[in-house]
Each structure stands twice: as structure tokens, then as C-alpha cells.
Amino acid sequence: MSLRDVTLRDGLQLTGKVLPTERKVQIARELLAAGVPELEIGSMARPDLVPPMANTLELVARLTPEELARCWVWVATPRHVAKAAEAGVRNFQYCFSVSDAHNKANIGRSTEDSLAAMPEAIRLADAAGGRIQLCLATAFTCPFDGPVDPARVLAIAADARAAGSADIVIADTLGQAYPGQVAALIGSVAATGRWGTPEHRIVFHGHDTWGMGVANSLAALDAGADVVDGSLGGLGGCPFAPGASGNTSSEDLLFATRPEWFTPPVLSDLVKISENLLAELGEPNRSRAAEGARSKATAFEWTIGAKE
């Protein structure tokens, strides 16, 4: 199992507050130093529509090539890819919605239009020596149209126009999916034969709106996902998806899965990074693991003390 922390993109985008570039650099470096394998650090979305992402390219300019090798940036058009690549980005998350209604609200075009533009996005990423992910938002439900037909997801996953993608991201954008549903869709994506290998990973992006974030992520991993997304303290949500709340907490995902690099001192570091950021933003901490770490269960090695 691998974690990608999306605090600096999906976490921040609903807060309405632009975090200074220097602060974003600090958080990115703290997370990378703690051992988090990958980060999503920003978006090429229009800054007038998503103000917290306005300084994404300034952040990119401050990071080293070695740091950027572990970082992803959200893009939605070939133009986004070209602009981000010029700034030094090498990992591109090309995202569109399975639901036409949400894709039009989020990106301003149909799902077919976004898919049709993907070969050019792939070409530009390849020309920059980078990697591109196929990211499918609203893979389970749409805030406007309701349930999404799994066959629609599988048709896009199998479409030859996306064949040059490094990975596929299956997103429960609204957090309305349940574990059996997640396992079935991830298993079907893995069964296509194209996805679910070290070269072409399956990433599950979940939200915790209905309290199923960790359970859904574990179901995805059991069904063949290689990576799960999370954000510090469960921060985040989609500004163009009514009803979407925070992401699944990175701390909760790590406590549930226990990758080798995740130790009690690392949890302590992540809880402190998260608490400082959330206090700065005026946002609540939705992580149960962070709450547990601050408990008085002093005989448990994962607690860090209520007043430390």
C-alpha cells in the first residue's frame, strides 16, 4: 500500500484561503521528510474559480527536481499540461468526471471532449519526460445526476485514447460509495488487464462524507488498488460538487494500513503538522487517529500526549 497525501490540492481547495507559497513549501517538505511517498501539491484550475490554487506554479518553482519527482499537479486540458511542464512539473493528474453534468460544472466541457483531448495531453507529458494519470472523478455518484453506471467507468478505463496513462485514479468524489461497491468497481478495473501493475497503478481517491473513507480505501486495496489518497485531518472537498465534504484522513489511513515507514514518531510529526495547518485555516480536525494520539492512553505507544 502507498499513500498519496493531497492536502495541498484537494485539501486546500475548498477552504477559500490562499496559503502563502512559503508555507506550502514548508508543508510539502515536512510531509516528504516524514516519509509520505507522494504528494498532490496543486492545480492548474483557474485562480478566480479556485483561489487557494493560485500560487501552484510558484510552489513548483520552489521545489527541487528530486522533490517534484514525488509530487503531482492536477490538470484538465492539454494547455494545463504544457503550462505546468514549462514550470517544471513532471507528474500530471489529468482529471475529468465520468458524469457529463459534473464535468460541465467542474471543467466546462463534456466527458467525451475531455477524453478526446487526452492523447494530446499524454503527448505533451511524454515530451516533457513526465508521467500522466487518468483521473476519473464522480466514478460512483454525481451530485446532479445521481448514481453512475459502472460500465461508463470501465468504458473510459479501456478506451485506447487513455492507453498512454501511467495510472488510473478512481474517485469517490462525494464520499457516497460503500465498501462492497468500491471493491466491485476497483476489481472490475483491475480485471481489464491494463491497470493494477507497478507500471500502471490503480489509485483510489475517497472522501469521508458518510464515514466510509477508511473502510472504502481498505476495500479498494483488497480489490487491487495500489495507492490511496488522503489529506491531513480529513481536510478538503470539491467546490463544484454539492454535498462533498473532507477527504479521508491521511493519519487514519496510515494508522489502519501501517506501512513500514509509518512509526509512532512519524504519526506524532504528522499530527503536529496537521494541527498547526488546521488551526491556521480555522478548519476542524476530522482525524480519529489524531484524536486518539492526543488521548490519555499513555501505555499505548501511538499516543503522543494531550499537552505535548
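Let's start with a pair of strands. Strand E8 (residues 167–171) and strand E9 run parallel, joined by four bridges. Two strands count as paired if DSSP finds at least two bridges between them.

A word on the model. It is predicted, so local features need pLDDT of at least 70 and side-chain atom pairs count only at pLDDT 80 or more, while totals for chains, interfaces and linings use all residues. Residues are numbered from 1 along each chain as its sequence is written, and side-chain values use heavy atoms, with hydrogens and water left out.

Back to E9, residues 202–205. In a regular strand, side chains alternate between the two faces of the sheet. Are the faces of E9 covered or open? Both are covered. Ile202 and Phe204 are buried on one side, Val203 and His205 on the other. Buried means under 20% relative accessible area, exposed means over 50%, and partly exposed is in between, with a 1.4 Å probe and protein chains only.

Now the whole protein. It has 14 helices and 10 strands. These are DSSP runs, numbered from the N terminus: helices are H or I with at least four residues, strands are E with at least two. The radius of gyration is 18 Å, close to the 19 Å from the globule rule for 308 residues, so the protein is as compact as a globular protein of that length. That radius is taken over C-alpha atoms, and the rule is 2.2 Å times the number of residues to the power 0.38. Buried residues make up 56% of the 308.

Next, helix H12, residues 250–257. Which of its residues are buried? Ser250, Glu251, Asp252, Leu253 and Leu254. They pack against strands E1 (2–5) and E10 (227–230), and against helices H11 (213–223), H13 (264–281) and H14 (288–293). Contact here means heavy atoms within 4.5 Å.

Just after H12 comes arginine 258, with a positive phi of about 50°. This residue is not a glycine. Arginine 258 sits in the loop between H12 and H13. It is partly exposed, with a relative accessible area of 39%.

Threonine 138 also has a positive phi, about 45°, and is not a glycine. Its place is the loop between strand E5 (131–137) and strand E6 (141–142). Is threonine 138 buried or exposed? Buried, with a relative accessible area of 0%.
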